[in-house]
Each structure stands twice: as C-alpha cells, then as structure tokens.
Amino acid sequence: MSLAESFLATFHRDHAGLTAQVFDALPWQDSGGRPWTSSYDWLVAACRETALPPGPGLDLACGDGLLLARLRADAAPVARPWLGVDLSPDELRAARQRLGADTPLLRARAQALPLADAHLAIVVSHLALMLMDDADAVVAELARVLRPGGLLAGVVGARAEPSPAFAAYLDLLGQQPRSTHWQALRFGDRRWHDEAGLQALLGPHFGDLACTRLTREERLRPEALWQWCLGMYDLHLLPPESLPGLRTEFLRRCRPLTNAEGTVLHRQALLAFSARRR
C-alpha cells in the first residue's frame, strides 16, 4: 500500500461515510446553468444514456454506497446490475449496511480490478480519481474492464479562485508542517483537474470527452467553514495538537471578512466529465 493509500485508509477508517455526508447535501449549478441537487445526481443522470452496451456498472471508490443506492433506485431506460469497489474495508462495511446483501462489493485497487476484460458497460467515480496513484495505470485498467462504447463518468476536484476566507485558510495551511509520517505524501495527478489534462490522460483509450464545471457559492459563519474544512483531507495531515491554534488564527483572520450577518463567502468548483471507451 502506498503512502497516499495508507492515509486514505486511515482517514476512512476513522470517518467512514463522511464524504457522502458532506457532499450529498450540496446543490450545484453546471456550466449551462442547470441546477443539480447534488454532484451525485449528475452522475446518476449521466448513466441514463441509452446508447450504451449491455452489462453491469461499477462505482469505483464507492465509499458507503450512497451513489450505488441511487443508481440502483433510478428509473433508467436500461436496468442493469451494479457493483462497488473501494480500498477501505470500513467504507465497504458501511456500504453493505446501506445496500444489503445483493450488491457485489469488492475491496481492490483501481490499478488492478478483479474483473474480466470488457466486463462492464459503465464506470462511475465520485471525488476519487484525482487522489489515485499512477493515473495512467488507472485509466488503462478502466479501459480494460469497459466494453467498447462503454461509459466512464466522473466528478473530480476543479481549480477555482478561492474566496477571501478560504484563501486565508489555504495560507495558514501552507505554513503548517505536516505530521512526520505524512510529509512526503502527494495525492494523485493534476491532469484530472481540467479539461486539457483529462483529454491528455484519457485520450489513448477514450473518446467523446464532455466536461462541465459544477460551481456553488454560499455564505457561512467562519466556524461552519472551519467545520467544513475538517471534513476534507488537508487538516488530517497535520499534527492533531496544531489544530486548536490553527482554528483560532483562522477565525481571527475571518473577522474583517464577515458581513453584517457575520458570514463569509465560500466558493467551490468541481469538474464533471464523461467519455466513451473506443
């Protein structure tokens, strides 16, 4: 297990289901102005494409099974079986509790899926691909298990201009030394984060790439923004004893950024994409 995989396993052992809890309640708007009740719902809609080969679908890095439950319940034009893969045994246990016994759930790395060639019609993945080691190996493996014409649909993090409050958080974060064990950790591949990078990454195996940015803005009290940041990975790379002081300094820096209601602007962006196996 790589250093990044070790960190992710530890995080999801301690916080199984947190990603679904944080992101399920967040509405977004895509580049065309269409609203989405959550980023998971964008993936469900992408799977309603009728011109797909028959066969099962896979939720890669399925977490606690939230997206799988929605995919199974969706009244798609073509019914298909679904399975889930995750690296975390704790997330898979949570998924089993959510989904029951009739959905196959496998513990595996995305670079070595325990599936036959051309087994799948669809692969979906929510906020995971950009974290994975050796992106080229991941893409090659997804191409191996997808049938020709099969769909790859994902939601990944996107670059966005941070709001002033979040810029203050990032500045503070950059000044903090990581825990010794995690100092060398680097997540994933930056090519996942924009359309040009996706084209370069997916191009050898996939065509018909389509992308849209999912964006949202809201106003939060500084303490609520801090709690949101605690749901992300970055703070968990720091020594736990540094967090109280970091929180205090973050809240201090937010004071001049608040409006009359005591809130600060928070801006987020994701990149949603689909591509077809050649």
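Select Arg159 to begin: with 37% relative accessibility this residue counts as partly exposed, a term for values between buried (under 20% relative accessible area) and exposed (over 50%), computed with a 1.4 Å probe on protein chains only. The model in your viewer is predicted, so local features are described only at pLDDT of at least 70 and side-chain atom pairs only at pLDDT 80 or more, while totals for chains, interfaces and linings use all residues. Residues are numbered from 1 along each chain as its sequence is written, and side-chain values rest on heavy atoms, with hydrogens and water left out.

Helices (H or I, at least four residues) and strands (E, at least two) are DSSP runs, numbered from the N terminus.

Next, select Asp64 and Arg98, which form another salt bridge, their closest N and O atoms being 2.8 Å apart. Asp64 is buried at a relative accessible area of 11%, whereas Arg98, at 41% relative accessibility, is partly exposed.

Move on to Phe7 and Phe11, which lie four residues apart in helix H1 (residues 3–14), about one turn of the helix, and are both buried. Their ring centres are 6.3 Å apart and their planes stand at 35 degrees, so the pair is tilted; rings of Phe, Tyr and Trp (its six-membered ring) pair if their centres lie within 6.5 Å, and planes under 30 degrees apart count as stacked, over 60 as edge-to-face and the rest as tilted.

For a contact of another kind, select Trp28 and Arg216: the charged end of Arg216 sits over the ring of Trp28, 5.7 Å from its centre, where the rule asks for NZ of Lys or CZ of Arg within 6 Å of the ring centre and within 35 degrees of the ring normal.

Finally, look at Ala118, in the loop between strand S5 (105–107) and strand S6 (120–126), where phi is near 50 degrees, a positive value in a residue other than glycine. Asp134, in the loop between S6 and helix H6 (135–145), also has a positive phi of about 50 degrees although it is not a glycine.

How values were computed: Salt bridge = Lys/Arg side-chain N within 4 Å of Asp/Glu carboxyl O.
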